[in-house]
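Please read them with the coordinates open.

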Amino acid sequence: MSSADVTREILGNVPGWLVPWFYGVIFAAYASSAVIFVQRFRERRGATTAPSDRARVLDVIKYLTFHQKLLEDRFAGIAHLCTFYGFVALFMGTSIVFLEHSTPLHFFYGAFYLWASLFVDLGGLVFIVGLLMFLWQRYVSKRDRLLSRWWVATLTWLLLAIAISGFLLEGSRIAVDMPAFESFSVVGYAIAGALRFSGVENETALLWHRALWVGHAVVSSLFFALLPWPLFSHMVYSGASWGRRRTRPLAELRTSAPVLTWIDLMQTDACTTCGRCNEVCPAQAVGQPLAPRDIVLGIRQAVTEAGPSVSYADQVGRFSHDVIWSCTTCGACNQTCPVGIDVYDEIIDLRRGLVEQGTVPEAAEELFEGTAAEFNPFHRDNDERMDWAQGLGLPVARDGEAIELLYWVGCAGSFDPDGQSVSRAMVTILDHLDIPYRILGCRERCTGDPARRMGEEGLFQERARENIDLLASHSVRKVLTHCPHCYNTFKNEYPELGGAFEVEHHSQFLDRLIASGKLPVTEGGSQPLTFHDPCYLGRGNGETEAPRRVIDAVAGGERREMARHGRESFCCGAGGGAMWLDVQGKDRVENLRVKEAAETGARTLVTGCPFCKVMLESGQQSLEDDQRMQVKDLAELVAERLTPR
Amino acid sequence: MKQEILVILGTDGRSQLSKSDRGALGLALSELKGSIVACTRAGDQDAARYAAAAGVEQFLEPRGLEDCAFDIALVGRGACSDARDAGDLLPAMLAERRGAALAYEVVDLRRRADGLEVVRDLGHGARDILLVQGPAVLVIADSVRRTGYVSRRRVLAAAPKGSESPDEASQIDWQRTQPRVRLSGHAAKVQGSATNRLNDLFGIAITGSRGKESNDSQLVTGSPETCARHLLRYLAHHDFIAPDRIPMPETSHRLEPPSEAVLAPARPRARPRRGPRRATDSDQGIARRPLPLKKTIESRVPQPVSGRRIARRGPYRLNERPEADAH
């Protein structure tokens, strides 16, 4: 047998009159999808649509090739990896057949035919394995996070139908004459053998082949026609969505107006409804009404029904207000989303809209009033800001005095008893260091972080401008703060408003000084400790190691890690104004977190945020007496271990 | 029949409106259907701006109160705080002049077919419900069930008729976003910056230079007279000239002279001073006190207050209604 004979007839056994129909239907399906995609693109295009940034393009290629983001959930990641590469192999096989049949090119014979057949068959097998894994997690292991709507599994079933009908089609074709070289089509050859073994004759095989061909053509056309549909369209949008994902720190907000952007629209189309965002959402974990996926799907629905310029009322009307106010802005949903959807910004935009509409919860209104009138969210007279420092003789900056190092105490550090103890510890350390630092005393005002997270952008900018002006009047060179929220605001959000200051969180400050030997400390204590990563420090700004190094330097006991730590840490329940809003759920976020901490067996729970400290302290009430831990801030831990000079 | 609703409100020494004043406006806007007129002290720009931001379009000078034929007047505490404006006698004087019912400590009201249902707070958890028919003067309590929040962005952007344009520097900037959706239909009507598009989206009509123009074309135009008047006001504001040197603008209608006791004549705008106090300054209205810290601070039991603890976690207070939190 010559190599030219090692091939097969394309569209053999298919009636001639059916071929033009086949091409017609396939092209119609393609064309309808293409028209919808182009129309959508034109509707939503903007001046910044082109992902021209080379780094972003490379990032998308890496994302698609290695699936590193999807593999964070091992089972689902492997399932997608198999499906993706299986699909690629089958698509390549179909393209080869198309080129051979419809163009003057002639290459589909001999060794190429054999190896291509093997490649496509193995690809198809992997494809089916991936799809079966998806179906397994939906119908057998029944993962909670998966959306239980009828249409969600249609993509999987349709792809499975395409793959199985393709293999049966191949098997029935081979079964007619069973050529030995077709053994390279491993799956098709096995099916053909089984057909022959079960007594299928040539005529029957040909009949089956014709029927299966029609069935395969129909489901394939259907697949292409359905591509612009929700879920199907993730195959087109997910790469683009990932390429346009937020690259700035997770905790950073921009002053962008709450108007749907084309990125928002594209990202809602890219949602695969996988539910990873729901799985990591603290509000969802305690039974509060927020489900981040529902926010994305709700906006998608609004856009689908009302068009891209959907009114804000249409968007908000789809959610109960408690849904919008449940978010703790921890950013876990953003971080875990496999297609890079910015749910965090969507929720803040919804809040901004609610504030503009004037429909905010009473607790939010009180916080806004406090921040506007008293310059702090605790609704305390700002003149009481220095009460915590009575008798400490702190160096309050004089008007216009140039400041080398400004210790920014923050509102929690000034007004909350738990926060005040952190401030005192910081003062102890600073005094021990004997370095010239200043505080602003009663001139310090809220950075505006809680107001901004609750959607009061105007109030935030008002406070921000005042603070920036004040700091500029002192020519502040460096800001030191023990509050990750203040840290994040100074580091990421004030620069956009003209206030670029060097800022350090106290964990970084302490780590730097301990490492350089300028802050001598004595290791002590033998009890095990664990560290709770504040969202605005760890996930939000990527600082997870400095606090751990500080703990290791001063704590004699073993440092144990909670199940969720570092960037994958779990929220304490305070962020995004949730400390004030307190939407009711079945449990409390802080209770879940302290239970995780208690499971490590630690006796001391260390954190680096005064708000976290309040919440974790509050969560202790939910523990048994013998599980309760001491909650300490890093500064308190260090202040206890200072080596006398 | 369309009713005339009068809302009288005023800021405190720190340019802040009390809950009562905001509640008066909120109740008027949400519960009462009619033509709403806001009355603020002369020169009380912050109160006027708040009212304009909340959606009030008609304003009345205090001297006009004498002839105002209102059906319902809602009075905030801030409006009664200035002794020059008759102080806390103001509601009583208004009620007497109009022959209206007078109720204090009003926390809620609802329109009914046969009149107005008014809920008063009697203290210690007790309330009574009155049915008011005919003209009424209602003084709103601080524990009012408030409806509606007016964002700072709206307040800073608003400029009531006849007042100064909002200060450009104090305005909120939305990042200039590209028009990322096709400018068809709604969006096409509002070209320009994100701020303008957002204003349009929320139906905020802004007068002054930050109106519908693009951010790039904010030109201030004015006649020589206007410019001169602004200059004089600027000079008076900074104490370069006496306020009474500012000539009053000619108006098409003649204002009646103020009555002897009801309200004081208009005063130039006075803002709370932020610098160190002078010996002649009063204690009121100064947000900040001189530094450094007091050397001897009397011992004070710290209030056990934290963010968590001040949050509303307990049962509803007696003066709150569960449906108030429905959202």
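Predicted model: local features only at pLDDT ≥ 70, side-chain atom pairs only at ≥ 80, totals over all residues.

1. The secondary structure of chain A comprises 28 helices and seven strands. Along the principal axes, its C-alpha atoms occupy a box of roughly 100 × 55 × 45 Å.

2. Burial and contact range in chain A. Chain A has 645 residues, and 51% of them are buried. Take the contacts in chain A with a separation of 6 or more: 79% of these link residues 24 or more positions apart.

3. The three-stranded sheet of chain A. This is an open sheet with the order β1-β2-β3 (chain A) and parallel pairing. Which strands stand at the edges? They are β1 (405-408) and β3 (502-505) of chain A. Each has a single partner strand, so one side of each has no neighbour in the sheet. From one strand to the next, the twist averages 25°.

4. Pairing inside that sheet. β1(A) runs parallel to strand β2 (residues 478-481) of chain A, and four bridges join the two. One pair to look at is Trp408(A) with its bridge partner Thr481(A) in β2(A).

5. Helices on that sheet. Helix α22 (residues 484-493) of chain A packs on the sheet and touches β1, β2 and β3 of chain A. The direction of α22 makes about 160° with that of β3(A). Helix α23 (residues 506-516) of chain A also packs on the sheet, touching β2 and β3 of chain A. For α23, the angle with the direction of β3(A) is about 85°.

6. The four-stranded sheet of chain A. The order here is β5-β4-β6-β7 (chain A), again in an open sheet with parallel pairing. β5 (559-560) and β7 (630-633) of chain A are the edge strands, and each pairs on one side only. Strand β4 (residues 529-532) of chain A runs parallel to β5(A), with two bridges between them. Within this part of the sheet, Leu529(A) stands opposite Arg559(A) in β5(A). Helix α24 (residues 545-554) of chain A packs on the sheet, where it touches β4, β5 and β6 (604-607) of chain A. Its direction makes about 160° with that of β4(A).

7. A helix crossing in chain A. How do the axes of helix α4 (residues 110-140) and helix α6 (residues 186-197) of chain A cross? They come within 7 Å and cross at roughly 80°. The range for roughly perpendicular is 65 to 115 degrees, and α4(A) and α6(A) therefore count as roughly perpendicular to each other. On the α4(A) side, the contact uses Leu118(A), Asp121(A), Leu122(A), Gly124(A) and Leu125(A). On the α6(A) side, it uses Val186(A), Val187(A) and Gly188(A). By type, the residues of this contact are five nonpolar, two polar and one charged.

8. Thr329(A). Phi of Thr329(A) is near 50°, a positive value in a residue other than glycine. Thr329(A) sits in the loop between α14 (321-325) and α15 (332-336) of chain A. Is Thr329(A) buried or exposed? The cut-off for buried is 20 or more other C-beta atoms within 10 Å. Thr329(A) has 29 such neighbours, so it counts as buried.

9. Asp582(A). Here too phi is near 50°, and Asp582(A) is a residue other than glycine. Asp582(A) belongs to the loop between α25 (578-581) and α26 (589-599) of chain A. With 19 other C-beta atoms within 10 Å, Asp582(A) is partly exposed.

10. Strand β1 of chain B. Strand β1 (residues 3-9) of chain B is mostly covered, with five of its seven residues buried. It pairs in the parallel sense with strand β2 (residues 34-40) of chain B over seven bridges. Ile5(B) stands opposite Ile36(B) in β2(B). Between these strands the chain passes through helix α1 (residues 19-31) of chain B, and this β-α-β crossover is right-handed.

11. The other pairing of β1(B). Strand β4 (residues 72-75) of chain B also pairs with β1(B) in the parallel sense, over four bridges. Here Leu6(B) stands opposite Ala73(B) in β4(B).

Definitions and conventions: Residues numbered from 1 in each chain as written. Chains lettered and ligands numbered in written order. Axes fitted to C-alpha atoms, helices over the stretch in contact; angles between N-to-C directions. Parallel < 35°, antiparallel > 145°, perpendicular 65-115°, else oblique. Contact = placed C-beta atoms within 7 Å. Nonpolar A, V, L, I, M, F, W, Y, C, P; charged D, E, K, R; others polar. Buried ≥ 20, exposed ≤ 12 C-beta atoms within 10 Å, placed from the backbone. Pairing = 2+ DSSP bridges. Right-handed = clockwise from strand over helix to strand, strands pointing away.
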